[in-house]
Amino acid sequence: MFKERVLASATVDQVRGGSVPLWEVFVWGQPPFDRERTYTIEAKTDTLAAFQGIEMFVDEMETLRDAELKEE
């Protein structure tokens, strides 16, 4: 069985500074996962925050995809 890959992009805005800053990560996916999510993430860098946001998005989309496949 072929499963569609989840492809996503992200932008990051710093909400709070400090030793572990707080970031708002906006993630959007490419079809058929063309949804949008915003996550608030604590991470040392914007790159790490983006990575974590995309990882959360992919996990969520894979869960939705797998649930739909089970129903078929």
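Before anything else, a definition I need: two strands pair if DSSP finds at least two bridges between them. I'm working from a predicted model here.

**Entry 1: the overall layout.** I looked up the chain's elements and found 1 helix and 3 strands. Going along the sequence, I read the pattern as β-β-β-α. The radius of gyration came out at 14 Å, well over the 11 Å that the globule rule gives for 72 residues, so the chain is more spread out than a compact globule. I also noted that the C-alpha trace spans about 50 × 15 × 15 Å along its principal axes.

Entry 2: Then I zoomed in on strand 2 (residues 22–29), which pairs with strand 3 over 7 bridges. Tryptophan 23 is placed opposite isoleucine 41 in strand 3.

**Entry 3: the core.** Both Trp23 and Ile41 turned up again in the largest nonpolar core, which has 12 residues, including Val25, Tyr39 and Phe57. Strand 2, strand 3 and helix 1 (46–71) each give this core at least two residues. Which element supplies the largest share? That's helix 1, with 4 residues.

**Entry 4: one residue up close.** I picked Ala43, another core member. Skipping its neighbours within four places in sequence, alanine 43 is in contact with Val20, Pro21, Trp23, Leu48, Ala49 and Gln52.

Notes: Residues are numbered from 1 along each chain as its sequence is written. This is a predicted model: local features need pLDDT of at least 70, side-chain atom pairs count only at pLDDT 80 or more; totals for chains, interfaces and linings use all residues. Side-chain values use heavy atoms; hydrogens and water are left out. A nonpolar core is a set of buried Ala, Val, Leu, Ile, Met, Phe, Trp, Tyr and Cys residues joined through side-chain atoms within 4.5 Å. Buried means under 20% relative accessible area, exposed over 50%, partly exposed in between (1.4 Å probe, protein chains only). Contact means heavy atoms within 4.5 Å. The radius of gyration is taken over C-alpha atoms; the globule rule is 2.2 Å times the number of residues to the power 0.38.
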